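Please keep the sequence and the structure in view while reading.

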Amino acid sequence: MQKTVLHRAAALTLGLTAAACGITSDSGAGPGGAAAPATEAWIGAWGAPITGSSAGPANATVRNIVRPTIGGHRLRIRISNAMDAATPLNIAAATVALVKEGAQIVPGSTRVITFNGGSRSVWVPPSTDFVYSDGLDFPVQAQQDLAISLFLPDTTTPVGSGAAWSTSFVTADGGGDRTLEEDGASFAPIGGDQAPPETPLVCSGCSTYALTAIDVMTDEADGAVGAIGSSTFHGNNSTRDSHRRVLDQLSVRVNAEVPRGRQKGIVSAGIGGDTLHAGLGRLARDVWSQSGLKAVMVYDVNDLSSRTYQEIRDDYLILIADAHQRGVQVYCSTWPPAAQSAPAKPTQERSKLNAWLLNSHACDRVVDWDAVLRSDIAPDEYRADYFSDGIHPNDAGHTAMAQAVPVLEWFGF
């Protein structure tokens, strides 16, 4: 396979129907299941890996707001109870609707999500990586906001926060089943009131609950790209609710530049503070299991504070070998100045790592994001206009990263 370098520039497969409105369903095969017709398949369209950073609500409803990266004519959701080893996750009702604004939904657009071939509820056992809903006839457009509402009836609900970078909503504890509510009056942002308008780069409360992926049945795309990474893939320092993360901007370019039928869904598996070494332990759950996976992007860049170039290189080789054994391509990038987060860590370690990434041909594709982001005057620092917190790219930096990727080559193969 040709390598390209660009410089500068344990799951249960379940089902989704709506008993209301005469909507039909099928269970649909999950990853590793029976093959769909050649012209269409279940493809991963959105993701937010579970982090377990906060406990769930009690007898309340969450309204997860998501933006699929590809369109399709059917939809199914994926929920997780991976972070709790003792408490089952009880979902007593679930719906999908089109978003009007905030927690408000478009009147008449709500459809009921079912599980296990028609059940309105589902129990997800402790330590379960994920389960799928039934498949639901629900047309989805790329870059269209959807509201996935889940009623959680128990007073004790397991941890289940997903690493998103946009606002989702929840009712007060004791608020009951509000999955069909259209005006959104019962809902408030998860984590309380989000940061004020003058601090748009703060998104500390942004997360989904239990929802970790959405698949669409589609012939617009022929596969998905999973993106495992740390805070930049998570979205840090991009403007909240604006969908300006590098992955969001790449998905817009894919929709615009890659021909229909060859597009790829982009599924984020970015978690703030993650390392490449730690990321190896969640690849099976967060990446390899995604529906229609064809490639993985790797941007876990926190290891230099504690690991050597050789150790990081060896972790890359483990990931690459695992991916290639599965028939999955690996897309890598060089590490930018902010990856050198420990002052005592010599510049040479990052330089050696970047030289290996650019010249070893170990990865199937490489983009030189270090060259894109670094200062021309001080190469061990960011360009001044590409960051505002000293660690993460800002909106302009995310844009520059997205523009540097040869989209047709990476997502249209």
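Asp 370 and Arg 350 form a salt bridge, their closest N and O atoms being 2.9 Å apart; a salt bridge is a side-chain nitrogen of Lys or Arg within 4 Å of a carboxyl oxygen of Asp or Glu. This pair links distant parts of the chain, for Asp 370 lies in helix H7 (residues 369-373) and Arg 350 in helix H6 (residues 347-359), 20 residues apart. Helices (H or I, at least four residues) and strands (E, at least two) are DSSP runs, numbered from the N terminus. Both Asp 370 and Arg 350 are buried, where buried means under 20% relative accessible area, exposed over 50%, and partly exposed in between (1.4 Å probe, protein chains only).

The model is predicted: local features need pLDDT of at least 70 and side-chain atom pairs count only at pLDDT 80 or more, while totals for chains, interfaces and linings use all residues. Residues are numbered from 1 along each chain as its sequence is written, and side-chain values use heavy atoms, with hydrogens and water left out.

The protein chain has 9 helices and 23 strands. Of its 413 residues, 57% are buried. The chain exposes about 15,100 Å², of which carbon and sulfur atoms supply 52%; accessible areas come from the Shrake-Rupley method with a 1.4 Å probe, and for residues only the protein chains shown count as cover.

Side chains of opposite charge can pair when their charged atoms come close. A search of the whole structure finds 22 salt bridges. One of them joins Arg 326 to Asp 322, with the closest N and O atoms 2.9 Å apart. Arg 326 is partly exposed, its relative accessible area being 47%, and Asp 322 is also partly exposed, at 23%. Another salt bridge brings together the side chains of Asp 274 and Arg 282 (3.0 Å, N to O), and both of these residues are buried. Asp 274 and Arg 282 belong, with Arg 285 and Asp 286, to a network of salt bridges.

Asp 300 is found in the loop between strand E21 (293-299) and helix H5 (309-325). Its side chain reaches the backbone nitrogen of Ser 230 at 3.1 Å, a polar contact (a pair of N or O atoms within 3.5 Å; within protein, one must be able to donate a hydrogen and the other to accept it, and residues adjacent in sequence count only if both atoms are side-chain atoms). Leaving aside neighbours within four places in sequence, the residues in contact with Asp 300 (heavy atoms within 4.5 Å) include Ile 228, Gly 229, Asp 274 and Trp 335.

Strand E19 (residues 221-229) is mostly covered, with 8 of its 9 residues buried. It runs parallel to strand E20 (residues 263-270), to which 8 bridges join it; two strands pair if DSSP finds at least two bridges between them. Ala 221 stands opposite Gln 263 in E20, and Ala 227 has Ser 268 as its bridge partner there. E19 also runs parallel to E21, with 6 bridges between them, and Ala 227 stands opposite Met 297 in E21. In E20, 8 of 8 residues are buried. Gln 263, Gly 265, Val 267 and Ala 269 point one way from E20, and Lys 264, Ile 266, Ser 268 and Gly 270 point the other way.
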